[in-house]
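Hi,

Here is the structure I promised to pass on. Have a look at it first, and my notes follow below.

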Amino acid sequence: MAGKMMRAVLYDSYGGGTAALKQVEVPVPSPSKGEVLVKVKATALNPFDWKIQKGALRPFMPKKFPFIPAIEIAGEVVEVGPGVENFKPGDKVIAGLDVGQTGGGLAEYCAAKADVTVLRPSEVSAAEGACLPAAGLTAHGALISAGFKFDGSGPQKNILVTAASGGVGHLAIQLAKLGNAHVTATCGARNLDLVRSLGADEVLDYKTPEGAALKSPSGKKYDVVIQCAPPIPWSVFEPNLSPTGKVIELSPGVSSMWTFAVKKLTLSKKKLVLFFASVKAENLVYLADLVKQGKLKVVIDCKHPLSDAGAAWTKCINGHATGKIVVEP
């Protein structure tokens, strides 16, 4: 497809939010060794995307400007690069993209590494599939790090999922239930029924005194907390943890890193775990199969065309989306 142009959304410096996004035409990328070129059918946004734009990992990411954001896609293979033997043009796929490379998901085409690309079952829509590489694998990986076995064979754990109606949280609830957990979840009042329907045993409105204190209505102490919400002080978590309870922090900041170091140095049995997700093809296949079987429901807040990607970006920045935000070229 050398020489062909495509529509894309990009930004060329740090900051600026939605106003800094540009609708442009750029050359279609060519797949390098070990890559496939994908015609994008759906892209899902994550808070990570706008935080990178804001400069959260400056100067390490993006590696260069201009930068096309978004790292979760589903689409169709149109070309394979050298050394790729397990995909062919026409394959329907799900892929996680390298966030640091120019050429992300907010475009009509993108290049994806074949080793983090998997076939999409026909029973899984492109929009559903696009929600799995970052959000799904984050929820899955966080639970694995806490010792969960998803066949339900392990001992029952009491778990708290904060911001449970969000992109990662709503998937974490369902995966935790597969792992034989008793789940307490926090969310806003408008999503209490949804979170219950996804399997939460107890639900807290985070704006109430009980919700702000994270106290289980049944008085249970948490063995694991999947922390998806904005920063919460350790002093709020600690009295609600079991003697060996862990808080899995999905968006580590300066405060959480300091708490992690203190707990490590003092040999505390109550721990803060700093979690960084990675894309593994076998885990992505597992999640797609759960969606196929109806065991994992992907909640989509809204869909926007690529021409209106700014509205999706604004929604992501503002927070409070119920489930995932999807852009469809």
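Predicted model: local features only at pLDDT ≥ 70, side-chain atom pairs only at ≥ 80, totals over all residues.

To start with something to look up: which residue with a positive phi follows H3? That is Gly-147, with phi near 90 degrees.

Residues are numbered from 1 along each chain as its sequence is written, and side-chain values use heavy atoms, with hydrogens and water left out.

Now the sheet. Six strands form an open sheet in the order S10-S9-S8-S11-S12-S13, with parallel pairing. Strands and helices here are DSSP runs numbered from the N terminus (E, at least two residues, for strands; H or I, at least four, for helices), and two strands pair if DSSP finds at least two bridges between them. S10 (202-205) and S13 (271-274) are the edge strands, each pairing on one side only. On average, neighbouring strands are turned by 20 degrees against each other, direction ignored.

H3 packs on this sheet, where it touches S8, S11 and S12 (241-249), and its direction makes about 150 degrees with that of S12. Contact means heavy atoms within 4.5 Å; axes are lines fitted to C-alpha atoms, for helices over the stretch in contact, and angles run from 0 to 180 degrees between N-to-C directions.

S11 (residues 222-227) is joined to S8 (residues 158-161) by three bridges, the two running parallel. Ile-159 sits opposite Val-224 of S11, and Val-161 has Ile-226 as its bridge partner. On to S12: S11 pairs with it in the parallel sense over five bridges, and Ile-226 stands opposite Ile-248 there. Five of the six residues of S11 are buried, so the strand is largely enclosed by the rest of the structure. By buried I mean under 20% relative accessible area, with exposed over 50% and partly exposed in between (1.4 Å probe, protein chains only).

Leaving out residues up to four places away in sequence, its contacts include Ala-142, Leu-143, Thr-162 and Leu-250. The largest nonpolar core has 52 residues, and Ile-226 is among those touching the most other members, along with Leu-132, Phe-148, Ile-159 and Ile-173. Such a core is a set of buried Ala, Val, Leu, Ile, Met, Phe, Trp, Tyr and Cys residues joined through side-chain atoms within 4.5 Å. Another core, of 27 residues, lies apart from it, with Met-6, Leu-21, Ala-309 and Ala-312 among its members.

Back to H3 (residues 132-145): twelve of its 14 residues are buried. H3 and H9 (residues 281-293) pack at about 95 degrees, axes 10 Å apart, which means they are roughly perpendicular (65 to 115 degrees). Among the residues making the contact are Leu-132, Leu-137 and His-140 of H3 and Tyr-286, Leu-287 and Val-291 of H9. The contact residues divide into eight nonpolar, three polar and no charged.

Last, Asp-301 in S14 (residues 300-305). Asp-301 is partly exposed, with a relative accessible area of 24%. Not counting residues up to four places away in sequence, Asp-301 touches Lys-315, Ala-321, Thr-322, Gly-323 and Lys-324. Asp-301 and Thr-266 are 35 residues apart in sequence and 43 Å apart in space, C-alpha to C-alpha.

Cheers

Notes: Parallel < 35°, antiparallel > 145°, perpendicular 65-115°, else oblique. Nonpolar A, V, L, I, M, F, W, Y, C, P; charged D, E, K, R; others polar.
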